[in-house]
Amino acid sequence: MDLFDGVPATQLMEAGQGISYDDFIVLPGHIDFHHQEVDLKTQVTRRISLGLPFVSSPMDTVTEHEMAIKLALLGGLGVVHYNNSISEQAEEIRKVKRYENGFITDPIVLGPNATLADVDAIKSRYGFSGIPITEDGAARGKLIGIVTNRDTEFEPDRSKLIREVMTSELVTGQAGISLSEANDLLRRSKKGKLPLLDSEGCLVSLISRRDLLKNRDYPDSVKNERKQLRVGAAVSTRDEDRERVTALVEAGVDMIVIDAAQGDSIYELKMLEWIKGEHAEVDIMGGNVVTRAQCARLIAAGADGLRIGMGPGSICTTQGTMAVGRAQATAVYNSACLARDHGVPILADGGISQIGHIAKALGLGASAVMMGWMFAGTEESPGDYFYDNGIRLKSYRGMASLEAMAAGGDKRYMTRADDRKVKVAQGVSGSVLDKGPLDLYVPYLVQGLRQSLQDMGVRGITHLHTALIDESLRFERRSHAAQIEGGVHGLHSYKDAGQA
Ligand code: IMP
């Protein structure tokens with residue numbers, strides 16, 4: 001007797017009706033391994049691999065440098081929004097790049113005639129206070145001292161000159177030594193920072209004890225070959241954003257996301273081809289698209305990854321307003337089928353509000369998921385917490401909500417600057433519950449996802465995709481009654497322990 005219950009994904013999708021994550025269920029497989037063994041490593045674009053399949057949305061209530069830093073440390077990737085000026089967005093990228101370096105090659109320095117107030121300003125902007133002092137205040141100048149918290153913290157007069165408080169007895173290393181040699185020197189010196197100098201005594205780079213400790217705490221962090229955290233940034237399809245792309249590339253961005261609600265346009269194709277021609281070193285995520293034909297066009301134009309979703313977002317009103325879009329599970333499956341043949345990973349974007357949705361998106365062929373709602377309300381998302389009836393909340397808004405559009409977010413939805421006179425909202429603005437720090441939240445998602453894949457009987461994302469293709473991964477549609485049966489029902493009241 002045939003032991004395969006349920007149907008393979010091809011059949012699940014056959015009826016011609018768009019389905020969403022909640023419309024189906026994955027049948028369990030055989031477990032012969034521990035869930036800790038489940039491998040969540042994946043690709044987000046052709047050249048960028050991640051430790052975890054989590055990417056944060058380029059939205060002004062979701063991703064700036066704090067989100068991007070913490071997600072990359074934990075194994076995911078943040079995509080910084082562009083509801084800001086070019087220099088502000090590039091600065092967000094630089095903050096991520098500066099955060100954790102093996103060698104900090106562009107350290108912030110001051111001259112001896114700067115004041116303690118200048119040190120305070122750097123501390124509040126970047127979060128660190130150990131600053132090398134060069135003779136002329138230039139980045140590559142002759143090193144004459146260093147100021148640290150210990151030199152400055154008990155000094156009431158913040159107009160005092162640095163030359164009066166800095167430490168001039170320095171432990172330094174020779175530029176050119178290896179990172180592990182530099183780390184050894186730093187460890188032995190018991191100092192917070194180790195400046196590395198050329199033969200003339202000029203500052204070349206710096207390593208920091210805090211980075212050493214961070215490396216220890218975040219073994220799975222996602223970094224480039226220079227040991228900098230990876231980060232993505234969104235841009236619009238407009239010609240005027242070419243300047244933005246160039247500034248982001250100069251700031252060190254790893255992935256450019258061309259952000260358009262309907263990504264299959266001549267505007268996006270032109271932007272894609274231009275970036276490919278000018279900045280071949282950076283990977284490009286095209287989108288958003290939901291059909292095979294759309295995917296094929298973006299891949300032909302050179303997209304290194306595709307962002308899939310039109311209308312499933314928690315804050316989104318696109319499908320109602322525009323009458324265009326696609327149910328997300330169907331969109332992810334069809335796009336993945338096409339993209340797989342070209343070796344292009346796909347990112348399932350929007351509509352994820354439970355760990356099970358992440359697992360289902362991956363099970364339909366996505367290599368990673370992009371999440372707005374799930375990461376909104378965490379400590380690392382932009383904005384302050386506020387209370388409503390004693391409940392701790394943060395704002396979360398669609399980039400096509402009237403509020404976000406007023407601040408510039410309409411670039412994603414309107415392709416030419418003069419389209420912007422009349423605004424049709426495709427999103428709403430609201431609030432979400434406090435989800436706490438990512439350091440606690442992401443491990444919770446990881447544990448849940450590992451257990452989910454274990455229940456399916458697969459040892460990782462690669463194995464999951466193999467099972468999808470060889471049809472050993474089995475699915476079943478859920479009737480309306482089955483969906484009710486699969487959720488909590490019949491209780492007078494209950495407490496929901498988890499947000500996701
Ligand atoms: P969520 O994870 O379900 O909250 O969806 C987040 C995704 O919704 C984002 O990554 C965008 O693709 C999309 N999105 C962001 N702002 C808007 C909007 O105002 N209208 C429609 N979709 C949006």
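Domain 1 and domain 2 bury about 560 Å² between them. Buried area here is the accessible area (1.4 Å probe) that two parts lose on being put together, summed over both. Carbon and sulfur atoms give 50% of it. K95, R98 and Y99 supply 59% of the area that domain 1 buries against domain 2, more than any other three residues. Six residues of domain 1 are in contact with six residues of domain 2, where contact means heavy atoms within 4.5 Å.

This is a predicted model: local features need pLDDT of at least 70, side-chain atom pairs count only at pLDDT 80 or more, and totals for chains, interfaces and linings use all residues. Residues are numbered from 1 along each chain as its sequence is written, and side-chain values use heavy atoms, with hydrogens and water left out.

The assignment gives domain 1 as 9-99 + 222-499 and domain 2 as 116-217. Such bounds come from an automatic or database domain assignment. The two centres, taken over C-alpha atoms, are 38 Å apart.

Now to the helices. Two packed helices are described by the angle between their axes and the distance between the axes. Helices (H or I, at least four residues) and strands (E, at least two) are DSSP runs, numbered from the N terminus. Axes are lines fitted to C-alpha atoms, for helices over the stretch in contact, and angles run from 0 to 180 degrees between N-to-C directions.

Start with helix α2 (residues 65-74) and helix α3 (residues 86-99). Their axes come within 9 Å and cross at roughly 35 degrees. The crossing of α2 past α3 is right-handed. From α2, the residues H65, A68, I69 and L73 meet E92, K95, V96 and Y99 of α3. This contact has five nonpolar residues, one polar and two charged. Nonpolar covers Ala, Val, Leu, Ile, Met, Phe, Trp, Tyr, Cys and Pro; charged covers Asp, Glu, Lys and Arg; the others, Gly among them, are polar.

Helix α2 also meets helix α16 (residues 438-456). Here the axes come within 11 Å and cross at roughly 45 degrees. M67, K70, L71 and L74 of α2 touch L438, D439 and V442 of α16. By class, that is five nonpolar, no polar and two charged residues.

Two backbone details remain. G287 and N288 are joined by a cis peptide bond, with omega about -5 degrees. N288 lies in strand β13 (residues 283-289). K190 has phi near 60 degrees, a positive value in a residue other than glycine. K190 sits in the loop between α7 (179-189) and β9 (193-197).

Methods. Left-handed = near helix turned anticlockwise from the far one by under 90°.
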